[in-house]
Amino acid sequence: MMRMHWLITVINRRIMKLLVALGLIAYIASVWGTYTNMRSIQEHSELKIEQRIDEAVAPLREKIRDLELSLTQKYPPVKFLSEKDRKRILITGGAGFVGSHLTDKLMMDGHEVTVVDNFFTGRKRNVEHWIGHENFELINHDVVEPLYIEVDQIYHLASPASPPNYMYNPIKTLKTNTIGTLNMLGLAKRVGARLLLASTSEVYGDPEVHPQNEDYWGHVNPIGPRACYDEGKRVAETMCYAYMKQVCLIVF
């Protein structure tokens with residue numbers, strides 16, 4: 001009987017140990033599962049954070065790349081000229097259609113070019129591919145106001161050329177072609193520069209002779225809708241002729 005009791009006690013102890021061991025294993029498994037799950041959630045959260053950071057940084061990287069490209073901008077091929085052959089050239093209205101193409105030509109020939117424009121009809125994008133080049137300078141300036149720079153040649157192209165543009169502000173058109181031309185002639189006189197005036201066939205008005213030669217005086221209307229441009233250019237030509245005769249300025 002005693003032996004039987006002892007045997008039952010031993011069996012009960014082993015069962016208890018087994019149950020404790022199973023409970024411990026179950027607890028460890030539960031803890032491990034919780035840790036693994038938390039680790040997975042943490043890794044997923046970190047991945048989402050990294051994705052959001054990449055999305056936020058991507059535009060900045062693009063801007064940095066664009067900035068690097070602009071700093072390493074490649075210009076059209078420019079001919080090298082010695083200092084005695086290289087001219088300092090001013091182009092008024094140089095951001096317009098004709099002026100921008102003239103700028104390209106003179107820049108590629110190796111000259112130093114200064115473009116002056118108030119961007120009434122000209123556009124900065126027409127010459128922006130030269131911005132930053134050592135031979136190029138762009139000045140936002142209205143030729144109605146005096147300009148004080150040192151140049152060897154002046155190409156005076158400043159003036160709206162199409163009827164809708166020059167009739168939009170007739171007084172401004174007159175000032176550009178008269179006061180603006182007077183300022184450029186004064187600058188040419190001061191620095192001893194040659195000046196080219198971009199005139200127009202409109203100085204003949206509504207011509208009765210075709211084609212017009214230099215001896216034809218024209219058939220004009222000083223109070224017509226296009227007179228602000230026509231008469232402005234006629235005065236500009238008269239001023240150029242007067243400067244050429246009186247102070248021996250070289251004018252084309």
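This is a predicted model: local features need pLDDT of at least 70, side-chain atom pairs count only at pLDDT 80 or more; totals for chains, interfaces and linings use all residues.
Let me begin with a definition: a residue is called buried when its relative accessible area is under 20%, exposed when that area is over 50%, and partly exposed in between. By that rule, R86, with a relative accessibility of 23%, counts as partly exposed.

R86 forms a salt bridge with E112, and the closest N and O atoms of the pair are 3.0 Å apart. Where do the two residues lie? R86 is found in the loop between helix 1 and strand 1, which covers 88-92, while E112 belongs to strand 2, residues 112-117; the pair therefore ties together parts that are 26 residues apart in sequence. E112, at 29% relative accessibility, is likewise counted as partly exposed.

Is each partner buried or partly exposed? R226 has a relative accessible area of 35% and is partly exposed. E202 counts as buried, because its relative accessibility is 19% and the limit for buried is under 20%.

The other salt bridge links K84 with D85, where the closest N and O atoms are 3.4 Å apart. K84 is exposed, its relative accessible area being 68%, whereas D85 is partly exposed at 37%.

Against these pairs I would set D104, a charged residue placed in helix 2, residues 97-108. D104 is buried yet takes part in no salt bridge. Which side chain of opposite charge is nearest to D104, and how far away is it? The residue is K105, at 11 Å.

I now move to the backbone. Most residues other than glycine have a negative phi. Against that background, two residues deserve mention. F119 is not a glycine, although its phi is positive, at about 60 degrees. This residue, F119, sits in the loop between strand 2 and strand 3, the latter spanning 136-140. With 22% relative accessibility, F119 counts as partly exposed. C248 also has a positive phi of about 60 degrees without being a glycine. C248 is located in the segment after helix 5, and at 64% relative accessibility it counts as exposed.

Finally, the surface. Which residues form a nonpolar patch there? They are L24, Y27 and I28, and together they present about 340 Å² of accessible area. Of this group, Y27 has its place in helix 1, residues 2-71. Y27 is classed as exposed because its relative accessible area is 55%, and the threshold for exposed is over 50%.

R86 and E112 are joined in a salt bridge, while D104 is buried and has none.

Note on methods. Residues are numbered from 1 along each chain as its sequence is written. Side-chain values use heavy atoms; hydrogens and water are left out. Patches are made of residues with over 30% relative accessible area and no salt bridge: like charges are joined within 9 Å, nonpolar side chains (Val, Leu, Ile, Met, Phe, Trp, Tyr) within 5 Å. Accessible areas come from the Shrake-Rupley method with a 1.4 Å probe; for residues, only the protein chains shown count as cover. A salt bridge is a side-chain nitrogen of Lys or Arg within 4 Å of a carboxyl oxygen of Asp or Glu. Helices (H or I, at least four residues) and strands (E, at least two) are DSSP runs, numbered from the N terminus. Buried means under 20% relative accessible area, exposed over 50%, partly exposed in between (1.4 Å probe, protein chains only). Lys and Arg count as positive and Asp and Glu as negative; His and the chain ends are not counted.
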